[in-house]
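Look over the sequence and the model before reading on.

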Amino acid sequence: MKRVIPCLLLQGERLVKTVRFQKPTYVGDPINTVRIFNEKEVDELIFLDILASAGHGSPNFALLERIVNESFMPLSYGGGISSYNFAAKLFELGVEKVILNTAFHDSPDLISCIAKTFGSQAVVVSLDVKYGWGGQHVYRNRGRKRVKGLVVDHAKRAEDLGAGEIFVTSVDRDGVLNGYDLPLVGLVSDSVDVPVVCCGGARNIDDLQDGLKAGAAAVAAGSMFVFHGPHRAVLISYPNHEQMVRI
Amino acid sequence: MIKVIDYGVGNLGSVMNMLDYLDIPAERISMPEEIKGVPGVILPGVGAFDAAVEKLHRSGFRDALLGRAVAGEIKLLGICVGMQMLCDGSEEGVAEGMGLIRGNCIRFPNRLGDGGRLQVPHMGWSPIDVVNDHPITGGFDIKTRFYFVHSYHLLCESECVVAKAEYGVEFNAIVARRNVVGCQFHPEKSHRFGMQLFKNFYRWVME
């Protein structure tokens with residue numbers, strides 16, 4: 001059964017959504033949103049703290065504890081995780097997987113370190129990819145700073161370090177509802193043996209299916225599950241069981 | 001009263017949350033003496049086999065649990081690595097399991113017989129197939145599925161197999177022997193299906 005994962009962005013105590021990693025707009029209260037996803041029997045949730053990720057702060061443990069207490073499904077968290085102790089504390093709270101992005105570039109040993117104690121399946125490396133000079137590159141600090149090297153080399157390195165999963169986000173497609181960057185999904189999926197989760201651009205079930213066909217082991221989406229209609233009214237949604245079976 | 005063992009491995013938060021949501025009286029314990037006189041115990045576990053076995057041993061819980069389980073004095077539910085520790089050992093490491101259910105854990109293959117690739121760990125939701133009814137499977141139907149996240153799975157005698165699942169290969173999802181039961185998946189992360197399992201376990205413990 002394929003995994004379909006809502007990806008939610010935290011800014012302080014609010015849930016927000018971005019477009020190409022810019023212009024965060026308010027979506028709602030994280031606790032309420034988790035309750036709604038619980039009722040919809042969502043398979044899994046991803047929470048990314050975009051303030052912590054950009055370097056403004058560290059994981060908000062108090063809020064996360066409340067979020068985890070409401071979730072009866074696996075929850076992955078990312079945003080400013082820079083130490084083993086942070087990660088350990090998150091696991092203690094009940095977080096299923098930690099997502100590392102900037103740390104992968106600053107202190108890659110952290111990945112092996114966490115994987116060694118908690119298992120590879122508990123560690124996700126997140127690669128934010130953007131088009132720039134000379135093609136696609138990995139960016140850190142929420143898309144602000146370019147990192148040298150090929151995207152696939154970063155993916156392979158993450159796998160070698162012990163990451164159990166690679167989370168690939170197309171910054172260019174984020175919030176644009178124009179479909180996934182399928183060549184990017186295929187490129188990364190083909191380069192590693194660990195599951196690849198794609199994010200950025202999905203607008204409907206067909207897009208989710210395309211992501212899976214391109215090689216992703218699981219598909220994630222933000223706008224698709226929190227907005228509805230051309231005016232982006234906030235509406236939390238998720239495919240029902242019949243739709244999920246078809247995916 | 002169910003006691004959930006805190007031996008420094010695996011998050012108990014989610015297990016406690018779900019039990020609390022179900023109004024099942026439960027308490028976390030960190031001292032082995034605390035399992036005296038307790039009818040039901042949950043042994044959670046995540047991460048590497050050897051690390052978990054070592055912590056269980058150092059906490060004193062291994063011997064305490066073994067004694068009481070073998071004597072039939074408690075009903076024990078092992079979750080994920082907690083289930084794997086019920087058997088003899090794992091390919092993942094060199095440590096000895098508790099030997100309550102004879103068997104060994106082996107890794108999922110990266111390549112299948114037909115040449116196809118298998119991504120390891122198995123991470124995601126999967127339906128299960130109940131092959132031998134057990135109090136823990138009450139109310140399970142064709143829609144029942146659970147959240148799995150593991151690279152190793154337990155091989156044991158067929159009479160100990162309660163339910164199977166499939167991920168590239170067929171593997172055991174629930175095993176049981178006498179007063180001991182183990183589930184490879186995470187009921188605490190499997191919303192209403194996990195809740196059903198915990199309710200069943202509690203009912204079994206209290207009967």
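Rings of Phe, Tyr and Trp count as a pair if their centres lie within 6.5 Å. By that rule, a search of the whole structure finds 13 aromatic pairs over all chains. The structure is a predicted model.

**Aromatic pairs**
- One of the pairs joins B:F108 and B:Y167, with ring centres 5.5 Å apart.
- Their planes meet at 85°, so this pair is edge-to-face; the cut-off for that class is over 60 degrees.
- B:F108 sits in the loop between β6 (103–107) and β7 (122–127) of chain B, while B:Y167 belongs to strand β11 (residues 161–167).
- The pair therefore ties together parts that are 59 residues apart in sequence.
- B:F108 is buried, at 1% relative accessible area.
- Ring pairs also link B:F108 and B:Y167 into a cluster with B:F140, B:F146, B:F148, B:F171 and B:F185.

**Fold and dimensions**
- Chain B contains 5 helices and 13 strands.
- The C-alpha trace spans about 50 × 35 × 30 Å along its principal axes.
- Among contacts in chain B with a separation of 6 or more, 70% come from residues 24 or more positions apart.

**Burial, surface and charge**
- Of the 207 residues in chain B, 59% count as buried.
- The accessible surface of chain B is about 8100 Å², and carbon and sulfur atoms supply 47% of that area.
- Chain B carries 21 positive and 24 negative side chains.
- The centres of these two sets lie 3 Å apart.

Definitions and conventions:
Residues are numbered from 1 along each chain as its sequence is written. Chains are lettered from A and ligands numbered from 1 in the order in which they are written. This is a predicted model: local features need pLDDT of at least 70, side-chain atom pairs count only at pLDDT 80 or more; totals for chains, interfaces and linings use all residues. Side-chain values use heavy atoms; hydrogens and water are left out. Helices (H or I, at least four residues) and strands (E, at least two) are DSSP runs, numbered from the N terminus. Buried means under 20% relative accessible area, exposed over 50%, partly exposed in between (1.4 Å probe, protein chains only). Contact means heavy atoms within 4.5 Å. Accessible areas come from the Shrake-Rupley method with a 1.4 Å probe; for residues, only the protein chains shown count as cover. Lys and Arg count as positive and Asp and Glu as negative; His and the chain ends are not counted. The place of a charge is taken as NZ of Lys, CZ of Arg, CG of Asp or CD of Glu. Rings of Phe, Tyr and Trp (its six-membered ring) pair if their centres lie within 6.5 Å; planes under 30 degrees apart count as stacked, over 60 as edge-to-face and the rest as tilted.
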